[in-house]
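Some questions about a multi-chain model follow. Each answer sets a value against the rule behind it.

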Amino acid sequence: MSATLTPPRTSPEPDTPTPVAPRRSLPRVVWAGVVVAVWIVVWVFTRGQNTLARPTRERTDLMDSFTGFRNDVIASRDTNPLIQFTYALGEWFVSVVDFFQRMLAEPNLPRPVPEIGWLGVTAIAAWIALAIAGWRISLLVAASFVSFGLFGYWSDSIDLLIVTFVAVAVSVVIGMPVAIWIASSRRAERPVTVVLDLMQTMPTFVYLLPIVLFFGIGASAAVVSTLIYAMPPLIRIAGHGIRTVSPTTIEATDSAGQTFWQRLRKVQLPMARPTIVVGLNQTIMAALAMATLAAYVNGPGLGKPVLNALVRVDIGGAFVPGALIVVMAIMLDRTTTAASQRGELIARGGGGSARQRRIVLGVAGVVTIVAVWLSRYSFWAAEFPATETGRAVADAVNTGADWVVATFGTLTEALKDAVTIGLLNPLEALLAQSPWWLSALAILALAFVFGRLRALLPTVVCLAGIRFFDLWNHAMQTLSMTLVATMLVMVLALVFGVWMARSPRADVAIRPFLDAGQTIPPFVYLIPVLALFGPSKFTAITAAIIYAAPAAIKLLADGVKAVSPTTLEASRASGATSWQEILKVQLPMARGSIVLAANQGLLFVLAMVVIGGLVGAGALGYDVVLGFSRSEEWGRGAVAGITIVLLGIMIDRIARASADYKAT
Amino acid sequence: MRIMQRRSRRLLAVGALSALTLTACGGGAIDEETQANEEQQSELGDCGEINMAVNPWVGFYADAYVVGHIAEQELGCTVNYKELKEDVSWQGFGTGEVDVVIEDWGHPDLEKQFFDDQGDGSAMDGGPTGNTGIIGWYVPPWLAEEHPEVLDYENLNDFAKDFATSETGSKGQFLGADPSYVQFDEAIIDNLGLDFEVVFSGSEAASITAFQQAEEKKEFLIGYFYEPQWLFADLPLAKVALPPYEDGCQDDPAKVDCDYPETELKKILSTSWVEEGGPGVELVQNFSWSNDDQNVVAKYISEDGLSNEDAATKWVEENEDIWQQWMPTS
Amino acid sequence: MNRSDNVHDDRGTAGQEAALSVRNLWKIFGKGADRIIGTPDAELSRAELKEKTGCVVGVRDVSFDVAPGEVFVVMGLSGSGKSTLVRCLTRLIEPTAGDVVIDGQDVTTAGESQLRELRRHHTSMVFQHFGLLPHRQVIDNVAFGLEVRGEGKSDRRSRAAEIVDLVGLSGFERSYPDQLSGGMQQRVGLARALANDPSLLLFDEPFSALDPLIRRDMQNEVIRLHQELGKTMVFITHDLAEALKLGDRIMILRDGAIVQVGTPDEVVARPADDYVKDFVSDVPRSHVLTLKWVMREPRPDDSTEGPVMSSDTIVRQAAQAALASEHPVRVVDDGRLVGIVDDDAILRVVVAEEAVTA
């Protein structure tokens, strides 16, 4: 979430060194231990009282009033001017998507095929890639497009590309001005950040139904929900990039008497370009991640076959389209990155002679025209020939999954029981079986210990909110699962991160799996994980780890890698063993990255709470799923969603305050 | 800046190029089929469009695609399948985005909102599908065979320890189901004095996987499930007897202590679409088949791996006598 | 003769308008800073004020004038407020109080567009870390100032090409900043500053990021440009040797306040306090001091056959002739004998210095 980018605030004062008063107080860990000890003692006497637990399906008045409000909005939809407006907007999105679909993906009836068939579309895509990113990327793009057809998901893949393209385009149109705004106004930054936090942590299931209400079913709902989820990274990262353009350069160019717009256009945007491209990339990845959820409201794309397979409990059937989403993600990522670098290179007169480039592009252009012509004329070039490849792969995956489940079933059962009994149950007993005031006091005390007042204040606000929304017991259960999952994520991050940092070969081998883990829809691995562990909290934790660990591992690997080689050399020169090197030099020096990885890991885990609700984790995730499934429970889903957001913000603020407090 | 200009010029070129191609080319086999399509359409008459909601379970796919296939092939309708959850489908009646929900397991709250008597009247009851939903507590077949005692709720406490998991501790685990269903299991367990704790599977896929694994590994499992469901073709779960349903025994959710009633599955239609009339409306209203019929199609889809369309085609080819009775009379 | 104690030194401005005039300039960082000036709090030391109000004084009640064509050096240790001061001059940092007048224009009261005009046409600045645009070629970096004031592409490029030539970067017009060495990058910074033909050039420690040899080259470059173009310059540095080499006058800052203003030889010969004395203790005095500072009153019995020199002759230059002659040097200004320099006096300066450097 937000913590990806917390640039160090430079204070305006001149560089006078502030004397550091030696702190004599006990280390924070000791204080935290004291808090937990007191907590346990009080818990022994009060456990089970006032836990605010209630039967799962009992509703509060607050939930019903949320539902009532939504029903009122539905009842007013024919007269409500706002809905009229958004609906018109939604219809516009639908018509844009529909136009592209008939051009590229779906039969333009009565024509039995799209206007441009697969060969033409592939050729055009490859040609564009050649023009902006070079021949290597062009090959990658062509191969990716062919794989879409080869595995039997041509039109779903192109549909997803279209929806992603429209959503990302709108994200840029709305997001870039906001990014510029928060970059140039400190006052704007704070409220906008809170809104972005909200957009990123609010479970999609909560706002999917209202979006349908305002924008209609199908492509429009898909575009808008994708937009909400995908825009924040662009705003955050681009805003950060613009804000952190070298202040010397800003000063230097200001001193030449430039206006605001001149500064923006000639200095800030060009200099922040690499960062903005990173933001754009993140936005595209987030948009692809929304693909499966959008399929719940008939959003076009690869999410549909994934959900369809989920309904049939067909692991392989979900795997193939899920893997194509990964292929698409990698293709788009490499293309945008390469295009950005190549733009730079060509501007500097690199990348071969301009004349030669033009000739290559011209020849390729002619080939493309021929391909487009063929794809309009002949069936084989218009409609991807049916192959059994997709089904064969799916069957192989199913066989493999069956084998894994049969072979490792006992082992995984033992693992599940060990973690559940050793870690999860005690933590949950403490958090959720304490009287609510006891957990609240303990959390506040811990927040104060780790982050002082800066952590205490947001924690007070968030806990008060959680109490008010009255899903306290579920919130505590979710919190305990989240903490356990984060702990395991950090263990993995430390092991793999250090390994990857120390061995380039391991890095090369592991990284693709991390990329895949981050982009493959969770629905794809839910079933195998379910088969291994059954519907349980541990299953939810496992799914969360698969999703969250890659980001944490990458952050940690990069952080350890960034440790100054001079320091490492110095420690080697003094005869440190590998272990000493890791424990005394690399990890302490990568502390910032470890904190960041933990924070990111936690928020990614929290993002999976709802998915957890789908596999037996209960608690807040189940509340959200329930709200999404039954109209009379919508209010519960909304309340649970808000509670998840509050949990997320609370954890994020404590972690940030804690990191800053320790850093000073 | 210059790079951007150059790039936009390139993109412009792409656009121009494709436009050129569009006007210049075309023809051949594809054109012939286009013409054939047009002719077929005029031959069959204009049935119009059917916006068919597709809710996420295989039984629903069976109903929707069989009816859709007949409407397209026999009546010349254009069927738009829309994959939606139930709530969203109902919302779509009012906006014209959805015309038919072909299998409804009971949504009193939505009826209140959208039926004529209390709500905005955008939706209406389209009559029964002929299928009966049997909801209740089920155990995997091996368990029913080896310990037939579990099929009576009164003996369940004797097995509570066997049903326990690391999460439920000493209590037995009861697997609650997909939240789309109305469930009173917590209350039933409480009121019948059973030593069980409900763990909500959270989705149909999770429940199915759990039952499959329990059968495979011969593990104890009891949970909420329902028929018709494609899983039964492969894994005939056994139903546990609860105190029989009587009228009113489920009125107060906190006091429920009886089994679930049998549910007559029905069709929900868009009021305005029905008012427009036409052969499509008649077909949908006439549609009615047995649990076995649905299970056949569901098996084609889930077990045999046919696509929804192919499964429907296959059933329609094999069962003309049944679907002929649904055809519009006018 | 000792004018260095006089803070409001107006030397060199007599009879003509100052190119830059600063009066009672304050910069206090922090909340409610503007309410501090004029209260007793303003008299507190920096540390005390920070303790009491949380505010930090950057510049404290600074006043000075710079004559047209003068090179005015501001020096001090880091944290002395010199960089803040130079930024207040064109309001890159908004001053808390005081007046700044450049070419007769009041900068502190100028509106947004007036200020922009001033920056576009009257002043330019060279920065320690260059502040170049990495995505632009040298020629377009140099032309940046002209571009923002709206000059056409061919005009500004041809003007920029002249300046690139002037600073000795011919042949590198098409390079990107990261393809150049640090010294060359700063030449680009210099060229950019010169391109819009300002009347006042501000330098903020421009050479402190460069290595010593390059630094010397660049200092000579500045001296050459000053001789060729005759611009008024305000030059910030923490390097006393650089200050002495370049400055017509030097202003020493400490904790934001002026400690001393004077010519290089004044500063070295008569440090205003221990702070300055400490500063100048390492300076090779013979390189800086003039005969004025070592001569004594003429006595009637002095020989009249010694070499004649003016009072602003630097000791080192005078040494050889003075020691070669058997007679003491006679210091004559405007045909009038103002003092006598004995060999002893010269040796004291030269030898004392060797003791220091050894």
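This is a predicted model: local features need pLDDT of at least 70, side-chain atom pairs count only at pLDDT 80 or more; totals for chains, interfaces and linings use all residues.

Q: How many residues of domain 1 of chain A are in contact with domain 2 of chain A, and how many of domain 2 with domain 1?
A: Two residues are in contact if their C-beta atoms lie within 7 Å. By that rule, 28 residues of domain 1 of chain A and 27 residues of domain 2 of chain A are in contact. Several helices of chain A give two or more residues to the domain 1 side, among them H7 (186–201), H12 (273–289) and H15 (315–347). H15(A) gives the largest share, 10 residues.

Q: What is the make-up, by class, of the side of domain 1 of chain A that touches domain 2 of chain A?
A: This side of domain 1 of chain A has 23 nonpolar, 4 polar and 1 charged residues. Gly counts as polar here.

Q: Which helices of chain A each supply at least two residues of the side that touches chain C?
A: In this contact, 22 residues of chain A meet 26 residues of chain C. Helix H10 (247–254) and helix H11 (260–271) of chain A each supply at least two residues of the chain A side. H10(A) has the largest share, 6 residues. The chain A side holds 7 nonpolar, 10 polar and 5 charged residues.

Q: Why does the radius of gyration of chain C agree with that of a compact globule?
A: For 358 residues, the radius of gyration of a compact globule would be near 21 Å; chain C has 23 Å, so the two agree. The C-alpha atoms of chain C fill a box of roughly 70 × 60 × 45 Å along the principal axes.

Q: What percentage of the residues of chain C count as buried?
A: A residue is buried if 20 or more other C-beta atoms lie within 10 Å of its own. In chain C, 47% of the 358 residues count as buried.

Methods. Residues are numbered from 1 along each chain as its sequence is written. Chains are lettered from A and ligands numbered from 1 in the order in which they are written. The radius of gyration is taken over C-alpha atoms; the globule rule is 2.2 Å times the number of residues to the power 0.38. A residue is buried if 20 or more other C-beta atoms lie within 10 Å of its own, exposed if 12 or fewer, and partly exposed in between; C-beta atoms are placed from the backbone. Helices (H or I, at least four residues) and strands (E, at least two) are DSSP runs, numbered from the N terminus.
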